Amino acid sequence: MGKEKQEIYSIAVNGTKDIERVDTERSDEGDGKEKRKRHSKKDHQKELKKDLDLDDHKLSTKELEDKYGTNIVQGLASTRVAELLAQNGPNVLTPPKESPEIIKFLKQMVGGFSSLLWAGAVLCFIAYLIEFSKDKSASMDNVYLGVVLIMVVILTGMFAYYQEAKSTNIIASFTKMIPRKAFVIRDGKKREIPAEHLVVGDIVEIKGGDQIPADIRILASQGCKVDNSSLTGESKPQSRTCHITHENPLETKNISFYSTTCLEGTATGMVINTGDRTVIGRIALLASSLGHEKTPIAIEIEHFVHIVAGVAVSIGIVFFIIAICMQYRVLDAVIFLIGIILANVPEGLVAAVTVSLSLTAKRMAKKNCLVKNLEAVETLGSTSIICSDKTGTLTQNRMTVAHLWFDKQIYQADTSENQNDQIFDQSSATWASLSKIVTLCNRAEFAPRQESVPIMKKVVMGDASEAALLKFSEVIMGDVIERRKRNRKVAEIPFNSFNKFQLSIHETEDPNDQRFLLVMKGAPERILEKCSTIMIHGQEQPLDESTAEAFQTAYMELGGLGERVLGFCHLYLPEDEFPDTYTFDVESMNFPTSDLCFVGLISLIDPPRSTVPDAVMKCRSAGIKVIMVTGDHPITAKAIARSVGIISANSETVEDIAKRLKIPVEQVNKREAKAAVVSGMELKEMSPEELDELLIYHTEIVFARTSPQQKLIIVEGCQRQDAVVAVTGDGVNDSPALKKADIGIAMGFAGSDAAKNAADMVLLDDNFSSIVTGIEEGRLIFDNLKKIIAFTLTKNIAELIPFLIFIIAGVPLPIGTMAILFIDLGTDVIPSIALAYEKAESDIMSWKPRHKKKDRLVNHQLALYSYLQIGILQSVGGFFAYFTVYAVQGFKPDRLLYLRPLWENGILNDLEDSYGQEWTKYQRKYLECTGYTAYFVAVMVQQIADVIIRKTRKNSIFQQGLFRNKYIWVGIASQIIIAVILSCGFGGIPILNFITLWVQYWFVAVPYAIVIWLYDEFRKLLIRRYPGSWWDKTMYY
Amino acid sequence: MVNEKEKKTGGQVLEEWKEFVWNPRTHEFMGRTGTSWAFILLFYLVFYGFLTALFTLTMWVMLQTVSDHIPTYQDQLATPGLMIRPKTENLEVLVNLSDTKSWNQHVQILDKFLEPYNDSVQAQKNDVCRPGHYYEQPDNGVLNYPKRACQFNRTQLGDCSGLSDPTHYGYSTGQPCVFIKMNRVINFYAGANQSMNVTCVGKRNEDAKNLGDFTMFPANGNIDLMYFPYYGKKFHVNYTQPLVAVKFMNVTPNVEVNVECRINAVNIATNDERDKFAGRVAFKLRIIKKT
């Protein structure tokens, strides 16, 4: 255990780098703050680095009083309290440092494409300044464009920020701490104060049900038991006394830790650490200082931004040089550059991606997965290893009767969530006796006022196994309390670890029977020792060898299932020896406790949730490795793992093989065993290489008896295999692992605030199967993001080519920058979001998880297909519309070539067209705008085809169903409506350069739209026909 | 705890690039083997071939629907524009009397511009038409071309004809001629059967003062109806565009004078806010004279 302590602080040593970084950041901004405060931060940091040098548990009461300047009877003086409070601050955990809102906001505005757009805006202003310096009456168009670009950046930034903030706020409501109270003795008076006002040296009183308000040294205890599960992961209640029982402060029983709960009894203690200096505070602080790695989707989007930005910048530079070589003016070349950047940047994509992610987040929230960080939505989808807790996540987190053994036979009990299907044989007289013992020898009671609550959901006061037995008998026999009343209890010895049994003596309900009934339950071997007979079919029979053997077999079998086995026996006390006036004395034990009659065994287990085996199966078929990490005993862990399918029915561990072949464990070829059960002790001895080997060669792994710190080691091991690791956890000590994991999943019910803070996601129902539905959503959104990006990238080429042709062939500009913006931010936004609603093409849960480094969001197939095939096709369609508009108005294509210098010459007001007619500059400009609008409409029409083909990547549109995703049609309608409004309504605004387009021009690009659709169907057909072929590899994105 | 990203040295990056460009182990050039590249190239060849064919086909069909002699739509040319000759930079007619070079280029442009108007050329190619009437040459079911054009003789420009003119259209004396022409629009019946003429004014009051007197050729700046309608470059081969010459007699020297000329015709609006050349033309006159 001493080693375990080191492990906690090995985090500290590694973590300091991050802390230092945080600290330097802090000191930059901290100038305005009080110097003293900064000082204390420094001290504090040093403190963190140090090992836990708590020795308060070794001190005597007197020494403690001296050390903390307090009095254990009178408590602290108020003056001293105020002093200490000012010095150490309130007794609260510092919430993890969040970057200020303004920084988050600004980050949205400089990341990704925003920088390209800023560059575009700056170029616009530069272009205007050049023009202005030459000619005072220069047109303001470039300024307007620059302003619009800045607005685009700011608006999309605000939008992304808003979405991000919205999803963070959902969580904020969770982390809000419930104000806690503490009973404290100060100035000799007992009073109730808020727990955050506690200071070191305060004398506090705690009682059952309280949360320990700070780290305290127990001074006096009356049967005080605490639940340390949030700290150590061990859920067994631990008693607390005022005596030192261990050198290690974490192990000794006279120290109780902040945020653990007192289950029963009362205690008085002295506060020895508060706030962040508590053991839990330190861990939480370390977790928050652990850097969070970029989410896979963030990496993917960055990769995608790099591709697009690379294309934009290189094409921009190449054509800048070409333009200069073609003796364009520098100013013109700059304007071309703006156009090329603008055409390349998918301005609306960031918003579409954010919306899609938050839509998925919303959908997941409905399925009980609350996502804190939008990007985590996808991370869940790429998860390849889940390290799951056992208790509460895989299991129901309550002890339940699993098996009974009586009449030399094992009966199975119903362990499902509602247990209403108890089918074992209840006709035997033995069962009648057993049920009586179960009912009577039980101290647990239902909490009052829950008559209307179903039995299984009722709150029980008492220990977990007793609660299980209480509910079990309540379900089978009805009103237990009433039955207990009828069999009045006259004496009782509660369970203790020395006796290992529990005993009570009752009057019987039969008025004719004046005998007392002694009932006893406890550890089976101890119970059996006390018995000389056994009840078979209601008849007492002497306990012979064969019966004892049958008992042993049953006991071993049930124990082997990882179940906690209890033995039950009884004895009717002879009436002559114990008349009804007899007074029983539990101290002197004036009654027999041997030669009892053995009745049966009942075994208990925390059963798996009924949905979990299915979910594990789903994970398995989805290529996700499920690793169980538990603090529980290996045998129990293995049994649960088997019952939920984490260890599948036909796979064996090394130990199983050894047992089967009857050879020593060392001789077994480790590679033969698919499954492995590794205890925390073994894990401690392992080198990282050995752990890697373990993780690679065993597909089914259970880590048992692990400390929460070892979780971190396991997570790191998995991450070394390039896996995307999801980790579930609830305790404070889990928080470093949650933080380290690619996606940390905290439990909504059982989870501590620290765990929820460190996690990326909160499972509202603590149920493992919710993770699986989450994974499904995550995978779907990854596929759909691909579709969205493919859709969005396509028209970028259709926007870019006009500029290139314009520069190279000198034709009048086919599409203006404003029209480009209106495609990107107008017509295309809703259809791209609609793609997020697309259903999966095939069973996405039958695919392997994507490889973090190989399966990219934007792969070259996607880029090439969108850019060089559909994109080019769209451009051709757009140019067809453009040439049509010019031709029918008098400028045939041949006339347009290299016309640009004349076309744009403002003095030339009699430019001749193909028919000899002459055009003024304004008339040409109007025609040019007609061309812009026609090109815009052509792209819009073809984008309708594009959004339809993007519904699937492999299946035919008809397999997917044209009308299953109604939002696509909303999107298409929006495209048309926005285009009509732009063309009709805004025709009058000169800066937008839209004109009212005649109806006939709207249909020019329709043949091309149809070709796009036919071509894509052809592509998909070949992919389906010839999987693995060259075509499949090249054309499937 | 955060995995430090392995920083690659420059050499390694270079090495990786080299391997990307040519990988000797797998015989891959830029990540693809030769056959793979061949497939790709072949595919794109076929694909773009198909695209070219598609584009050519659609363009061909579209151009089939477009007539040779008249554009499908003329809605954007409802109002013909006006333009001046000499067409100078910023439409500023600058005449520096002490610098022959400054106006000589204008003169050369005008000489060239007026050459087709020579009486001999006109007499040889074009008809004498009935003034005051449109010269209509309908097709009547059968294409009737080439269409004939009406004569516009250079001599009609009087003092501005530049014929045996030692003053070079008045440029050498500071009394320059500016020629005004109306944009050709096919099948446009300018004037709607009523006579029309061009008038010029100074843009503002001081411009009017500085502008002084001017004479117009033909008289009153008339444009005769017989030059309309225009039947297009292809059919109306020798079409001669009517001109109006304005000779500015005594422009105040050394100031910039803004002149605006417009056509007065029933069916030509001259007040379009956005198109500054619709039925009108504005230009600047500047005579520089050493005093």
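Which residues of H12(A) and H27(A) meet in their contact? Before you select them, some ground rules: this is a predicted model, in which local features need pLDDT of at least 70 and side-chain atom pairs count only at pLDDT 80 or more, while totals for chains, interfaces and linings use all residues. Residues are numbered from 1 along each chain as its sequence is written, chains are lettered from A and ligands numbered from 1 in the order in which they are written, and side-chain values use heavy atoms, with hydrogens and water left out.

**Stop 1: H12 and H27 of chain A**

Select residues 349–366 of chain A for helix H12 and residues 768–809 of chain A for helix H27. Helices here are DSSP runs of H or I with at least four residues, strands are runs of E with at least two, and both are numbered from the N terminus. On the H12(A) side, show Leu349(A), Ala352(A), Val353(A), Ser356(A), Leu357(A), Thr360(A), Arg363(A) and Met364(A). They meet Gly774(A), Glu777(A), Ile781(A), Leu785(A), Ile788(A), Ile789(A) and Thr792(A) in H27(A), where contact means heavy atoms within 4.5 Å. This contact divides into nine nonpolar, four polar and two charged residues. In that count, Ala, Val, Leu, Ile, Met, Phe, Trp, Tyr, Cys and Pro are nonpolar, Asp, Glu, Lys and Arg are charged, and the others, Gly among them, are polar.

Now turn to the geometry. The two helices pack at an angle of about 160° with their axes 10 Å apart, which makes H12(A) roughly antiparallel to H27(A). Axes are lines fitted to C-alpha atoms, for helices over the stretch in contact, and angles run from 0 to 180 degrees between N-to-C directions. Angles under 35 degrees count as roughly parallel, over 145 as roughly antiparallel, 65 to 115 as roughly perpendicular and the rest as oblique.

Stay here and pick out Glu777(A) and Arg363(A), whose side chains meet in a salt bridge (3.3 Å, N to O). Glu777(A) lies in H27 of chain A and Arg363(A) in H12 of chain A, so the pair ties together parts that are 414 residues apart in sequence. A salt bridge means a side-chain nitrogen of Lys or Arg within 4 Å of a carboxyl oxygen of Asp or Glu.

**Stop 2**

**Stop 3: from H33 to H36**

Next, select residues 921–949 of chain A for H33 and 1006–1025 of chain A for H36; their axes come within 8 Å and cross at roughly 20°. That makes H33(A) roughly parallel to H36(A). Contacts here include Ala945(A) and Ile948(A) on H33(A), and Ala1009(A) and Trp1013(A) on H36(A). The contact divides into nine nonpolar residues, one polar and two charged.

**Stop 4: where chain B meets chain A**

Color the chains separately: 52 residues of chain B are in contact with 54 residues of chain A. How many salt bridges lie between chain B and chain A? The count is seven. To see a salt bridge, select Asp68(B) and Lys892(A), whose side chains meet at 3.2 Å, N to O.

**Stop 5: backbone details**

Most residues other than glycine have a negative phi, and most peptide bonds are trans. In chain B, look at Arg85(B) and Pro86(B), joined by a cis peptide bond with omega about 0°. Another cis peptide bond joins Phe228(B) and Pro229(B), with omega about -5°. Finish at Arg705(A), which has a positive phi of about 50° although it is not a glycine. Arg705(A) is found in the loop between strand S23 (700–704) and helix H24 (708–720) of chain A.
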